[in-house]
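Subject: A structure for you to explore

Hi,

Here is the structure I promised to pass on to you. Have a look at it first, and then read my notes below.

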Amino acid sequence: MRQTPQPGWKFCKGALFSATALLVWVGCQSTHLTDMHSFEHYILSYDTPVDRALQARLESIDTRLRAEYRISTEQTAVGVLDLTHLRLALLHPDRMDYAASVAKVGILLAYFQLHPEAATNLDPATRHELGLMCKASSNEAAAKFSRELGLRQIQQVLNSYQFYDTNHGGGIWVGKHYGEDGERIGDPIADNSHAATVRQLLRFYLLLEQGKLVSPGASRTMREIFASPDIPADDIKFVKGLAGRNLQIIRKWGSWEDWLHDSAVVTGPGRHYILVALTHHPHGDDYLAALAAGIDDCLKETPLTTH
């Protein structure tokens, strides 16, 4: 209802009320917008739409790099999830590939799922060995934990989070002890010993950042293990491409023959994002380094028009 201004103090009181109401409304809208752009409740599913502007940039970067390194469209799969502005871009996200060491993230998750006390009471020696598995990609450490946990139990944990889905191309699979012959359980779709898809790796890191893997405490401890400041980072792939940019990177890379992959959460000034890329080509490492630099250049810019 419109009020007619009244003389004297009544008008001043009305003006003060209107100004206060406006400030409250603006504050509520700001809070609402902040909530809209919070990744805490973001869900990445098979139906989640891509952001058109970011998708176009990713396709452009991928096309340029594949031409430079003579890589076909069948030899790369990429996903980027911008956690700052909730923008998603995907290339072949559900095409499963041999994962090499990237699938070791499944062993880490299973360890904390089957040892919930480790979230707050993890002995230093075990923490270091888990760090060697994740950051230095030690096959010896990975095999120690996978033997302890059991391959079937590890996959049961992964399946409980729907990280592997036979109806959507597969996902993260751990079916063999790293660096060892013997027990092997191939994935149901392609009979891979270790497998992954871009979408499910994106989901893994998203749930990790949201504190939803096992528990907030377990997610926090897993994140610390990925960081492991006492273990040097391997200066290859994404880390090589992002060198000198003042970024925090937690990641799991993988290499076997021409299967060259990387997956990471990247945090820096004005940006926080997840980047995953799987390649099957001799120049995969060069592609991964250049891709990381190109995506970071894109995400540190003023956001493009989206949706």
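Let me start with how the chain folds back on itself. Among contacts in the protein chain between residues at least 6 apart in sequence, 68% link residues at least 24 apart, where a contact means heavy atoms within 4.5 Å.

Before you go further, please keep in mind that this is a predicted model, in which local features need pLDDT of at least 70, side-chain atom pairs count only at pLDDT 80 or more, and totals for chains, interfaces and linings use all residues. Residues are numbered from 1 along each chain as its sequence is written, and side-chain values use heavy atoms, with hydrogens and water left out.

The whole chain

The protein chain has 10 helices and 11 strands; these are DSSP runs, with helices being H or I of at least four residues and strands E of at least two, numbered from the N terminus. Of the 307 residues in the protein chain, 51% are buried. Here buried means under 20% relative accessible area, exposed means over 50%, and partly exposed lies in between (1.4 Å probe, protein chains only). The protein chain exposes about 14,700 Å², and carbon and sulfur atoms supply 55% of that area. Accessible areas come from the Shrake-Rupley method with a 1.4 Å probe, and for residues only the protein chains shown count as cover.

Helix α3 and its neighbours

α3 and α5 pack at an angle of about 45 degrees, with their axes 10 Å apart. That makes α3 oblique to α5. The axes are lines fitted to C-alpha atoms, for helices over the stretch in contact, and the angles run from 0 to 180 degrees between N-to-C directions. Angles under 35 degrees count as roughly parallel, over 145 as roughly antiparallel, 65 to 115 as roughly perpendicular, and the rest as oblique. On the α3 side, K104, I107, A110, Y111 and L114 meet N139, A142, F145, S146, E148 and L149 in α5.

With α6, the axis of α3 comes within 9 Å and the two cross at roughly 90 degrees. That makes α3 roughly perpendicular to α6. Here G106, I107, L109, A110, Q113 and L114 in α3 meet Q153, I154, V157 and L158 in α6.

I71 sits in the loop between α2 (52-69) and β1 (76-82). This residue counts as buried, at 5% relative accessibility. I71 and G284 are 213 residues apart in sequence, yet 8.5 Å apart in space, C-alpha to C-alpha. Leaving aside neighbours within four places in sequence, I71 is in contact with R66, T76, H281, H283 and Y287.

I61 is buried, with a relative accessible area of 7%. Between I61 and C298 there are 237 residues in sequence and 9.8 Å in space, C-alpha to C-alpha. Beyond its neighbours within four places in sequence, I61 is in contact with L291, G294 and I295.

Is H177 buried or exposed? H177 is buried, with a relative accessible area of 7%. Setting aside neighbours within four places in sequence, H177 is in contact with A143, S146, R147, L151 and E183.

Backbone angles and cysteines

Most residues other than glycine have a negative phi. K237, in helix α9 (residues 237-241), has a positive phi of about 55 degrees although it is not a glycine. K237 counts as buried, at 1% relative accessibility. E257 has a positive phi too, of about 50 degrees, and is not a glycine. E257 lies in the loop between β9 (254-256) and β10 (259-268) and counts as exposed, at 56% relative accessibility.

Finally, the count comes to 0 disulfides, a disulfide being a pair of cysteine sulfur atoms within 2.5 Å.

Enjoy exploring!
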